[in-house]
Amino acid sequence: MSYLMSNYTPLKVTFVKGVGCYLIDDKDEQYLDALCGVGVVGLGHCHQDITKTIQTQAANLLHTSNWYHIQYQEDLAEKLCQLSNMDKAFFANSGAEANEAAIKIVRLHGHANHINNPTILTANQSFHGRTMATLSATGNPKIQEGFTPLVSNFIYFDFNNIKAIKAHENNNNIVAVMLEPIQGESGIIIPDKNYLNQVQEICNNNNWLLILDEIQTGIGRTGKLFAHNYNNITPDLLTLAKGLGNGIPIGACLAKGKASQILTPGTHGSTFGGNPLACKTALTVLEIIEKDNILDNVLVMGEYIISSFRNKLKNSNKVFEIRSKGLMIAIELNQDCSTLLQKALNNKLLINITGQTIRLLPPLIINQYDADILIDKVSNLINTL
Ligand SMILES: Cc1ncc(COP(=O)(O)O)c(C=O)c1O
């Protein structure tokens, strides 16, 4: 009997140690982690510089609350704003909370502009989190089922269809468009090259704010620090989490221009958000990404893995489509492949499956040796279907 609530269905394996791209279970078996704790541990498990930072910071100071100045929070805000061309940061503990902050900011912005029913456009098949506001923002009825009444004033549009957004131009209640540059949870759905540019143009023309949820795509996952760097745009709000702390919980909502001036004392807060441990760790993550040229590795390994898959699977009648950007990789099959999850585990490989799609989010530090193991294991799995 477990005392845990039943909202998860964990696989029957207990990991006790992590080293780089590998997790080791309580029977001393080693698994290649091609999922990274769902896109979190990008720099690999127990990276020595991060471990050192955590150890040192834990010995110095863990938490003070936001009632006092926190220097590492200032430093991280400055660093993230410089890297993203944003102006201000708010720190939270998770992706959903980062998005909550963005949603609250655009609602305040709407009211400040005398819009009494501020409404946000979000995409079908998106994923923005599990809190009430973020699951309401999530354009997926499965995530929302059983939780009505939802937080109101979200309108859903079809992703990668610019007309679907334009159709709302006459709605005076719209204050923002919120979207993932690449839809992660719904199976790595990559829009057309100029889609984000077009969305930003519509936002500019209508005085709407653009919220980019880069919780999964950010911090190097796609080969740029942020996926929207491929489009040379700057959103009004940018949310981050996952890879930012490499396993230490942290979320960030960055804001630009007018969006950065909206929160005033008392309008938002978090007890834990932006504590010295999380901020110092995130600073170390960003340092390592720069120092070790991690983005180059993501591009090179991403290209290597995807071309190897295309080559190896070219004659497979089971593959419908292979999609990727950097180390966000999806292999969509033409049949349900849920059974592969357990088979992969038996083969000492950790992946994600959603319906017909195998999703891979391997560590950003993966090298060719481990990439070859990954390619072999996944290709062999597909052949077992
Ligand atoms: C794009 C996106 N937004 C938000 C979230 C929610 O983040 P968290 O689980 O940290 O609340 C996720 C998590 O998968 C995500 O992929």
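Sort the shell around the ligand by class and you get three nonpolar, six polar and four charged residues. Keep in mind that this is a predicted model. In total, 13 residues surround the ligand, and the closest are Gly-95, Ala-96, Asp-213, Gln-216 and Lys-242. If you're wondering which helix gives the most to that shell, look at H4, residues 95-112, which supplies three residues.

| Residue | Atom on the protein side | Ligand atom | Distance |
|---|---|---|---|
| Asp-213 | polar side-chain atom | nitrogen | 2.7 Å |
| Gly-95 | backbone N or O atom | oxygen | 2.8 Å |
| Gln-216 | polar side-chain atom | oxygen | 2.9 Å |

So how much of the ligand does the protein bury? On its own the ligand exposes 400 Å², and the protein buries 82% of that.

Now for a pair of helices. H2 covers residues 48-60 and H9 covers residues 276-291; their axes come within 9 Å and cross at roughly 155°. Angles over 145 degrees count as roughly antiparallel, and H2 and H9 are therefore roughly antiparallel to each other. As for handedness, H2 passes H9 in a right-handed crossing.

Notes:
Residues numbered from 1 in each chain as written. Predicted model: local features only at pLDDT ≥ 70, side-chain atom pairs only at ≥ 80, totals over all residues. Heavy atoms only, no water. Near = heavy atom within 4 Å. Polar contact = N/O pair within 3.5 Å; in protein donor to acceptor, adjacent residues only side chain to side chain. Areas by Shrake-Rupley, 256 points an atom, 1.4 Å probe, with all protein chains shown as cover. Helix = DSSP H or I, 4+ residues; strand = E, 2+ residues; numbered from the N terminus. Nonpolar A, V, L, I, M, F, W, Y, C, P; charged D, E, K, R; others polar. Axes fitted to C-alpha atoms, helices over the stretch in contact; angles between N-to-C directions. Parallel < 35°, antiparallel > 145°, perpendicular 65-115°, else oblique. Left-handed = near helix turned anticlockwise from the far one by under 90°.
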